Structures are given as structure tokens and as C-alpha cells.
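Have the structure open as you read.

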Amino acid sequence: MRILLAEDETELAAILMTALRSYDLIIDHVATLADGSEALKLTRYDALLLDRSLPDGDGLTLLGIARTTGNASTPAIMLTARSDLKDRIEGLDRGADDYLAKPFAVEELMARLRAVLRRPGTVDATPLRLGILSFDVLNREASLSGEPIPMPRRELLVLEALMRRSGRTVERSTLENAVYGMDDEIQSNALDTHVSRLRRRLDAAKAGVEIHAIRGIGYLLRQARQ
């Protein structure tokens, strides 16, 4: 899942990005309305975390922009030091799905994020399946016949992207977009390394699937032939 975080407090943003990434989420971080507006025009997000007090305006303005782009139905949680009832009501009335006052515990933020993502019509929470291999979208977990398969974050993200398009070739650019945030540096062979390690992990677990490299294009995941 890809999350847009609009937060201008550098230290808080760093803490939130580290915490959110530990839940196997892709984070695009912006610190201004201008950068957030550009991000919303270019990317379809699964959720928005928006600070109200940005250097160039109110985060509610960014929420309004989201509602007129491809993020019209994307769930949004407002993060703010404003705790007045009037401010909370204003945020909710203008389209926010939840409102979290600073300071807050990251665990509470994650609980609220899971709650808004579970709402009907928000995201397709149906587990991804390919033979005995499955991927729990909300809990961010891969399993074989119900038994979890522990794996590093990047491999999990590669697996999710491939399972969403199983049986079809997934272009490298699509995979990179699914695995890396806008602030991540991408080494030339990093994606190939993640795919190679994932392939070995699935083979060792006898997952019954194959990952094929499609030269010059990307990768394809399918059930292993008997």
C-alpha cells in the first residue's frame, strides 16, 4: 500500500516514515501544499496522512485537492496540534475520515489507519491467492496454506505487486513504483536482487509458483507447471 504523508516537522516525519515502513507500507513524504498537490496529481494513494499546519497553508486545502483528483475516495486522516472541537468538526465536514491530535502514539495511528482502510469501498481487502500461496493485504502477510512466510519488507512488496497481476508480465517501472517511495534511492540492480531472493525463498518453501524474468520488460508470476 502507498501512503502520502504531508508533514513539515522534520523529526516527526522521520519517526512516522520509519514506523510506517516497518508495517511494509510505501511512504511518499511531502512538507508543503505545493509538493503535496503535485504528488496527488501524479499518484493514486491508498491513504492520506495530512498535517493541518503546513508552511504554505492548511492541510485541509490539500484534502480538497485530493477530492478533485484520482484520490477522490482515498481515506484521509488529519494530523494536527489543533485540538479544539471546532477544528475537528471542520476537518470531518470537509471530507476527512479521521482526526488525530498531536502528540499521538504511532500504534494509535496505525490502528486508525487500519480502521479506515477496512471501511467498505476503501480498498479491496480480499486476500490475493495463487494456488496455496496467499497475501493478506491489510495485515501485510504472506502465507502458504495458512502458515506465515516471514520475509523482508522489499520482498513482500515485490510479491504483492506480482500477485496482483499474476499470470501477466509486470513492467520494471510498475514494480519499482510498488516497492520504492519518492524519497528512496534506487540502485540499478536492486529490484533484480529483491526478485532473486524472493524466488529462492518461495522455491525453498515449495510455494508452487514460478517467477520468470521477461527480458527487457519485467517479471511474471504464475503457478508452477506440474
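Start with the hairpin of S13 and S14: three residues sit between the strands, and Gly216 there has a positive phi near 75°. This is a predicted model, in which local features need pLDDT of at least 70 and side-chain atom pairs count only at pLDDT 80 or more, while totals for chains, interfaces and linings use all residues. Residues are numbered from 1 along each chain as its sequence is written, and side-chain values use heavy atoms, with hydrogens and water left out.

Strands here are DSSP runs of E with at least two residues, helices are runs of H or I with at least four, and both are numbered from the N terminus. Two strands pair if DSSP finds at least two bridges between them.

| Strands | Bridges | Example of bridge partners |
|---|---|---|
| S13 (residues 209–214) and S14 | six bridges | Glu210 and Arg222 |
| S12 (residues 169–171) and S14 (residues 218–223) | three bridges | Glu171 and Gly218 |
| S10 (residues 141–144) and S11 | two bridges | Ser143 and Pro148 |

The S10 and S11 strands belong to an open sheet of four, ordered S8-S9-S10-S11 with antiparallel pairing. Strand S8 (128–130) and strand S11 (147–148) are at the edges with a single partner strand each, so one side of each has no neighbour in the sheet. Helix H6 (residues 153–164) packs on this sheet and touches S8, strand S9 (133–136) and S10, and its direction makes about 110° with that of S9. Contact, by the way, means heavy atoms within 4.5 Å. Axes are lines fitted to C-alpha atoms, for helices over the stretch in contact, with angles running from 0 to 180 degrees between N-to-C directions.

Now for the helix pair. How do H1 and H5 cross? The axes of H1 (residues 10–21) and H5 (residues 106–118) come within 11 Å, crossing at roughly 55°. That makes H1 oblique to H5 (under 35 degrees is roughly parallel, over 145 roughly antiparallel, 65 to 115 roughly perpendicular, and the rest oblique). On the H1 side the contact is made by Ile15, Leu16, Ala19 and Leu20, and on the H5 side by Val106, Leu109, Met110 and Leu113.

Last up is Arg2, found in strand S1 (residues 2–6). Is Arg2 buried or exposed? Its relative accessibility is 9%, so Arg2 counts as buried (under 20% relative accessible area is buried, over 50% exposed and in between partly exposed, using a 1.4 Å probe and protein chains only). Leaving aside neighbours within four places in sequence, Arg2 has contacts including Asp28, Asp46, Tyr45 and Tyr180.
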